[in-house]
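Dear colleague,

I am handing over the structure below, together with some notes on what was found in it. Please keep it open beside you while you read.

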Amino acid sequence: KDSRLSMASLRSIRTSGVSNVRNLANLPYRTLDIDMSTATVIDSFSSPTAGADVMEEEKQEHTEDGVRIDTWDFEDDLTFRPYVVREALIKKTKIISRMESDITDMSETGSDGASSGLLNPDSADSGAGSGNDPSRRRIFFVCYHLPVIVTRDPVSQQWNACWSESLLAKTEGSHILQYMDAHWIGTVSTNPHITDEKDKEAIRQVLAKMNCTPLFFDKDIQDAYYLGMCKQVLWPAFHNIDSVDFVRSGHMDPRDIPTNLPDDMSSDSTSGNVSDWNQARLVGWWRAYQHVNKAFADMMASTLRPHDTMWVHDYHLSLLPKMVADYERAKFNANVIRKVYFLHIPFPTSKIFRE
């Protein structure tokens, strides 16, 4: 047994002549309930207030004539329990303090313009959130559709962008923006459509001035993800529409559903369907949904720093918070950013899950 939890510790302190108050305060101690009227020790585990949930092995031992057995030199004695609890709390506090200190050091290291991302903490900033005041907290609004309107001038062929009427768009006088540096991450719809990598780079530069970072996906993947999984599975389910009722009430004509998906995102029955609903297509749609959420997670992991806030919007990105949390646990073994998930549609009733 551990001899530290005994009165021998006090004797050794006194013998060595150590009188430091701090050392004495850290000595193991016992907690006894005393009946002031009789000056006797109360067996709290046999008192009426002890409750019926006291384990049998935790009751105090007594001699045959009822005298309480004092095991003062035994560290498992119940009177040492408050000390053991205190020591555990102190240890936990020290661990948390060291962890917070490490996180603060990482955050300060990356706040001079070279962002310390969760995934690639030693890499340079990917562009999202760069150029902001390092003394201010950062918030990332993550949504599938960026709240912007992107167009190309038919004469100059220059790409332009402005904020849309969306609730997620930047608003002058916003209370959040008074205290935090905001950044938006999502996909864009353009007029006309993007044709090559040159267009993508031009749009990135235009949106960077608005603190927006766009993600681009191939049309087939985007259709399977958005028109398939989001609009034919998640949106109806969240609105309590049963799949049986949905067979003849699909979101789109089957001729508009992509049939030439990559091998790992297609299924055997994606063409030649007489109905606009075919559950066999779920496999390809689900893989596309995972693919898009993973791309967002990779972007966030390379951008976020400790103490940032990530605000994820709507069912299109419902896998994203968990994916980012996995990066956190792998890197820090703790949650180091604030995550908010806001669902803009109703949450389904239990009936949908039973179905």
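**What was found**

Of the 355 residues in the protein, 36% are buried, where buried means under 20% relative accessible area with a 1.4 Å probe and with protein chains only as cover. Please bear in mind that this is a predicted model, in which local features need pLDDT of at least 70 and side-chain atom pairs count only at pLDDT 80 or more, while totals for chains, interfaces and linings use all residues. Residues are numbered from 1 along each chain as its sequence is written, and side-chain values use heavy atoms, with hydrogens and water left out.

The secondary structure comes to 10 helices and 10 strands, which are DSSP runs numbered from the N terminus, a helix being H or I with at least four residues and a strand being E with at least two. Five strands form an open sheet in the order β8-β6-β3-β9-β10, with parallel pairing, and two strands are said to pair if DSSP finds at least two bridges between them. The edge strands, each pairing on one side only, are β8 (212-214) and β10 (338-342). Within the sheet, β3 (residues 137-145) is joined to β9 (residues 309-313) by four bridges, and Phe141 stands opposite Trp311 in β9.

Helix α8 (residues 282-301) lies across β3, β6 (180-187), β8 and β9, and runs at about 160° to β3; such angles run from 0 to 180 degrees between N-to-C directions, the axes being lines fitted to C-alpha atoms, for helices over the stretch in contact. Contact here means heavy atoms within 4.5 Å.

Helix α6 (residues 219-238) has a kink of about 45° centred on Cys230, the bend at a residue being the angle between axes fitted to the seven residues ending there and the seven starting there. Because 14 of its 20 residues are buried, α6 is largely enclosed by the rest of the structure.

With best wishes

Notes
Buried means under 20% relative accessible area, exposed over 50%, partly exposed in between (1.4 Å probe, protein chains only).
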